[in-house]
Amino acid sequence: MKKSVLFFILLVFMAPNLIPFAFVNPILYDAKWGIILALFLATLSIGFMEETAMRGTLLPFLCEKWNNKKHFYFKAALSSSVLFGCMHYTWSVRHLVTTGKLPLDVFLGNSYQVFYCICFGLFAAGVALYTRNIIGLVF
């Protein structure tokens with residue numbers, strides 16, 4: 001298995017578990033602006049992890065894998081964007097697991113978010129492919 005695929009798996013499954021450690025660090029609570037700093041770092045780390053996983057690892061991997069196919073840039077961008085959007089169904093899954101049911105309004109509300117994430121994912125994939133850089137997408 002390629003290193004990029006292993007790195008992608010590590011980012012997607014391990015990163016959400018690392019973010020709460022920013023909130024339990026007692027040094028941050030002692031500082032006057034500690035909570036604000038912790039929220040800022042958590043927000044940056046989520047964006048960094050998502051962009052690194054989707055546009056920094058998965059998108060180049062799919063482009064390399066489908067290099068001989070017709071319209072491979074578009075297929076790679078669309079695939080990574082749909083996966084990016086589907087990752088945002090976690091609110092619906094969490095609601096289903098905790099309550100045992102999924103009301104239609106929760107599912108539809110989350111579906112709007114997923115649709116916008118797919119649209120943003122296509123835009124971000126286009127920027128990443130055009131500039132060959134994801135730094136601007138992270139910040």
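How close do the axes of helix H6 and H7 come, and at what angle do they cross? I opened the notebook with this, keeping in mind that the model is predicted.

**Entry: H6 and H7**

I looked up helix H6, residues 90–99, against H7 and found that their axes come within 9 Å and cross at roughly 160°. Angles over 145 degrees count as roughly antiparallel, so I noted H6 as roughly antiparallel to H7. The crossing of the two is right-handed. I then listed the residues that meet: Thr-90, Trp-91, Ser-92 and His-95 from H6, and Val-106, Phe-107 and Asn-110 from H7. By class I have three nonpolar and four polar residues in this contact, and no charged ones.

**Entry: H5 and H7**

Next I took helix H5, residues 72–86, with helix H7, residues 104–131. I read an angle of about 140° for their packing, and their axes are 8 Å apart. That angle makes H5 oblique to H7. I also recorded a right-handed crossing for H5 and H7. On the H5 side I wrote down residues in the contact, including Tyr-73, Leu-78, Val-82 and Phe-84. The H7 residues they meet include Val-114, Ile-118, Phe-120 and Leu-129. I sorted the contact of H5 with H7 by class and got 13 nonpolar, four polar and no charged residues.

**Entry: aromatic rings**

Which residues form one aromatic cluster? I found Phe-84, Phe-120 and Phe-123 in it. Two of these names, Phe-84 in H5 and Phe-120 in H7, were already in my contact list for the two helices. For aromatic pairs, my count came to five.

What lies over the face of Phe-84? I noted Arg-55 there, at 4.5 Å from the ring centre.

Definitions and conventions. Residues numbered from 1 in each chain as written. Predicted model: local features only at pLDDT ≥ 70, side-chain atom pairs only at ≥ 80, totals over all residues. Heavy atoms only, no water. Phe/Tyr/Trp six-rings, centres within 6.5 Å; stacked < 30°, edge-to-face > 60°. Lys NZ or Arg CZ within 6 Å of the ring centre and 35° of its normal. Axes fitted to C-alpha atoms, helices over the stretch in contact; angles between N-to-C directions. Helix = DSSP H or I, 4+ residues; strand = E, 2+ residues; numbered from the N terminus. Parallel < 35°, antiparallel > 145°, perpendicular 65-115°, else oblique. Left-handed = near helix turned anticlockwise from the far one by under 90°. Contact = heavy atoms within 4.5 Å. Nonpolar A, V, L, I, M, F, W, Y, C, P; charged D, E, K, R; others polar.
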